[in-house]
Structure formats: C-alpha cells, structure tokens
Amino acid sequence: MNQRPNSLHASDIAHSMHPYTNMRLHEEKGPMIMSHGDGARVYDMEGKEYIEALAGLWSVAVGFSETRLADAAYEQLKKLPYYHSFAHKAHEPSIRLAEKLAEMTPEGLNRVFFTNSGSEANDTVIKMAWFMNNGLGRPEKKKFLSRNKAYHGITIASGSLTGLPANHKDFDLPAIPVVHLTTPHYWRWAEEGETEAQFTERLLKEMEDTILEEGPETIAGFIGEPVMGAGGVMVPPEGYWPGVEAICRKYDILLISDEVINGFGRTGARFGCERYGFTPDIIVTSKQLTSSYMPLAAIVMNDKVYDVIADNTAKLGTFGHGFTGSGHPVACAVGLENLNIIEEQDLMGNAARLEGLFQEGLRAFADHPLVGEVRGVGLIAGVELAKDKVTKEAFQPAGSMAGKVVAFAADEGLIVRNVYETVALCPPLIVTEDDIREIHARLGRALDRALDWAKAEGVL
Ligand SMILES: Cc1ncc(COP(=O)(O)O)c(C=O)c1O
C-alpha cells in the first residue's frame with residue numbers, strides 16, 4: 001500500500017496505533033482503509049470489492065448495510081441517548097434485551113449482566129466467581145481452568161485465561177491463577193495411533209488429574225469456547241464437552257461457555273453448548289449480539305450463580321462492579337433489533353442449512369498441496385496449512401505461509417484471517433449459496449497463487 005502525503009494513509013501512519021499489528025511494518029505498508037459495506041461485502045477506499053469472509057472480527061451476522069440497526073440506534077439516541085443501570089436505575093432497552101437473552105439461552109439461564117466487550121465480560125465472570133466463593137466462605141476456591149490456544153480476551157484477567165503466546169509474552173501474563181489444559185484438537189494433538197475417543201478420554205483424565213493435584217477446593221471455574229475461534233478454529237472431539245460438564249459437576253466447578261463467537265447460530269445451533277450437548281452455569285456472549293454495530297457483551301447466568309452473588313451484595317451493601325457503559329441504551333436497542341432480525345430472517349437456520357455446502361466446499365481443499373487439515377461446523381471453519389501432510393510439519397516462521405494466502409485472498413477480493421498457520425473463515429450469517437461458492441472460488445485461487453509462490457521461492 002503506498003503512502004501518500006496528506007492522505008488518510010499518511011495520517012494513519014502518523015497518528016494511529018493499531019491493535020494486533022506489527023507497528024514498524026505498518027509504518028512501511030500503511031493501512032487498508034475500508035470505506036463502506038453492502039451485505040456480506042465491504043469496499044476499500046479505492047472501490048475494490050471484498051467478500052468479508054470473517055464477518056469483520058467473527059461478528060457481523062446481519063451484514064454490513066442493515067439500516068434497521070442504524071434506525072434503532074438513531075431512535076434511541078433521540079429518545080434517551082444515555083442512561084446507566086447503577087443503584088436501581090434502569091431503562092427499557094436493557095430490560096427488554098435481558099428478557100430476550102433469558103428467553104433465547106438454554107433453560108435455567110435467567111440473569112443478565114452487560115459489559116462493553118468480551119474481555120470485560122470474562123473479567124467480570126472471574127470477579128463474579130471470586131465474589132461468589134468469598135460469599136460462600138471458601139476463599140481458596142479461586143483458580144481457573146482454561147485451554148492452550150483459548151481466546152477469552154486481552155485485559156489482565158481475561159488475557160490470563162487466553163492461552164496464546166502473543167497475548168502473554170512481555171505483558172507479564174498470566175497474572176491470575178490459571179491452568180491451561182491441552183487444546184482439544186485431535187488432528188494436531190492426538191498421539192500416534194490414538195483414536196478420537198481415546199484422545200477425548202486422555203484430555204478428560206488430564207482435566208481431572210489437574211483438579212486433584214491442585215485441589216478441587218481451589219478451582220473456581222472451567223472456561224471454554226465450544227468451538228475454539230481466534231486460536232485457530234478447533235472443533236472439539238466427540239464426547240469432550242459432556243465429559244467436561246460431568247467433571248465440573250463432580251467437583252463443584254463453575255462451567256463457563258464463552259460464546260462470544262459461537263453464540264446466535266454460528267455453529268448451526270443457537271448456542272455452541274446446545275450443539276455439543278452441555279449446559280453451562282454461565283454463557284458469555286458478544287459480537288453477533290449486536291453484529292458489532294455497537295460494542296456490547298452479555299453474561300447470562302443461572303439462578304445458582306445469581307443467588308450467591310445477590311446474597312453477598314445484601315451482606316456487603318452493594319455489588320461493587322459495573323461500567324459506565326454497562327447496558328448502554330443505544331447498544332441494547334441495536335442488540336434487540338439485531339436479534340429480532342436474526343430471528344425474523346431465520347439466520348440461525350440459514351447457517352444450519354448452508355453448513356453442508358460451506359464445509360464440503362472447503363473440505364475439497366484438503367487435497368491441496370499446502371493444506372494439512374480443513375475443519376469447522378456451521379459457518380465457521382479453519383484451513384490449516386502444513387509443509388508436510390503426513391508429519392504435519394508447519395511452515396516456518398509460524399504463520400508465514402498462511403499470511404501469504406491471506407494476502408493473495410485479499411487480492412482476489414476475499415477477506416479471511418490467519419491465526420498462525422490456520423486460515424480462518426466465518427462469513428456473515430446472511431450469506432447466500434452464491435456467496436459461499438464465490439468464497440470457495442476466491443480462496444482456491446489464493447491457495448494456488450500461494451503454492452506457485454512457494455515453489456518459485458523454494459519454500460516447498
Ligand atoms: C471467545 C472470545 N472471548 C472473548 C473475546 C474478547 O472480546 P473483545 O475483543 O470484545 O474484548 C473474543 C474476541 O475475539 C472471543 O473470540
């Protein structure tokens with residue numbers, strides 16, 4: 001990308017500090033500046049069209065041009081642009097959205113606490129678990145179980161739950177007591193000759209052994225994404241989640257389903273926990289909750305969790321936690337309208353109906369010389385590259401080849417993202433069969449161009 005003096009490009013380089021970016025490289029390359037959206041597509045400043053096959057950041061369910069959400073925001077801005085929910089105050093949008101979430105989530109999950117982001121939501125969950133266990137007179141029950149390659153956010157506590165090196169290195173994380181267990185990804189982590197059932201059994205044994213070693217009286221919660229997203233789209237092995245749930249129940253450990261990506265139809269079911277057959281104590285949602293038109297996250301919990309917290313607030317006089325923007329009326333109005341659209345247009349059903357076409361078309365790339373494994377469910381998938389299909393040896397440095405594929409894909413008019421060696425896809429829930437065929441075609445061309453490049457450079 002060229003740098004033009006006095007242009008947005010030059011200004012961005014001069015003044016903006018980008019998240020998840022090599023800043024020195026950015027100073028050379030400059031930004032890709034997006035201008036507008038239309039359905040599943042976005043357009044850059046030069047007018048180039050892209051299918052947004054990551055839905056922004058796994059989040060824009062209704063596409064990039066839903067005027068009903070703009071109208072909902074505008075109406076709310078005119079009526080009551082801001083109010084909070086501290087100390088018994090309330091407003092209609094947050095009441096209605098909480099009611100809607102209680103209705104949509106599995107039976108028993110009835111109480112909703114709003115934050116502005118997934119990271120804040122997971123921080124809040126950690127604090128709730130600590131507050132709860134202190135209230136119950138078991139102050140030592142504070143540790144969390146998470147998994148390697150988990151993504152739960154980037155604040156000091158939620159970033160500690162995340163299990164990715166880039167989020168820990170030089171940030172002095174983890175900073176809270178957390179044990180990261182093996183990633184439930186059969187293709188990468190199974191031992192020689194191990195069946196999927198044996199792999200699941202080994203992971204569950206690891207979980208239970210860890211609990212016994214640490215002491216069940218010290219473990220507050222287990223947190224996991226039903227399908228792991230930002231760590232590289234990992235689909236759990238058969239029987240994993242019901243096994244995790246049983247162990248949590250046995251040792252009185254809170255089970256937290258982080259559905260920030262999975263929620264609202266992404267996996268082909270309403271929630272990932274429903275797809276994988278378990279009932280958590282807490283569901284964390286965000287992203288598709290408002291299609292990311294406004295920042296909002298919601299923690300939905302059962303009465304067991306709520307009652308202990310509520311009792312402790314009665315004892316202490318308050319729940320000393322909350323954000324200025326918790327349950328922001330404009331964000332909640334947009335969220336409510338977004339969920340109405342998802343239901344009216346049966347977008348969750350659309351994800352389920354298109355799963356076969358989407359996943360099978362991607363599975364066809366499994367034979368491509370650059371590809372190690374293709375995996376996914378619903379409308380979320382990962383295409384993991386490997387230098388050697390048999391030994392599963394990755395290209396070095398990590399992410400370099402997948403980065404090439406992503407760059408060629410952008411050139412072909414397809415936005416995807418790589419997480420190390422995995423090319424992730426997560427298109428808006430409004431995609432059509434034609435969009436999906438076009439995603440396959442553009443990705444196929446990007447893979448072929450990366451292969452030609454690899455051969456020319458002697459990388460393969
Ligand atoms: C599963 C999961 N949890 C939490 C988060 C953090 O959300 P946020 O970026 O809104 O802080 C993310 C973000 O990608 C996520 O995928």
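The model is predicted.

Strand 7 spans residues 219–224. Six of its six residues are buried, so strand 7 is largely enclosed by the rest of the structure. Strand 7 pairs with strand 5, which covers residues 143–147. The two strands run parallel and are joined by three bridges. Within this pairing, Lys143 stands opposite Ile219 of strand 7.

Strand 7 also pairs with strand 8, made up of residues 254–258. This pairing is parallel too, and four bridges hold the record of it.

Attention now turns to Leu443. This residue lies in helix 17, which runs over residues 433–457. Is Leu443 buried or exposed? Its relative accessibility is 1%, and residues under 20% count as buried, so Leu443 is buried. Which residues does Leu443 contact, leaving aside its neighbours within four places in sequence? The contacts are Leu362, Phe365, Val383, Val405, Leu414, Val423 and Leu425. Ile309 gives a separate reference point for Leu443. The two residues are 134 residues apart in sequence, and their C-alpha atoms are 48 Å apart in space.

Definitions and conventions: Residues are numbered from 1 along each chain as its sequence is written. This is a predicted model: local features need pLDDT of at least 70, side-chain atom pairs count only at pLDDT 80 or more; totals for chains, interfaces and linings use all residues. Side-chain values use heavy atoms; hydrogens and water are left out. Buried means under 20% relative accessible area, exposed over 50%, partly exposed in between (1.4 Å probe, protein chains only). Two strands pair if DSSP finds at least two bridges between them. Contact means heavy atoms within 4.5 Å.
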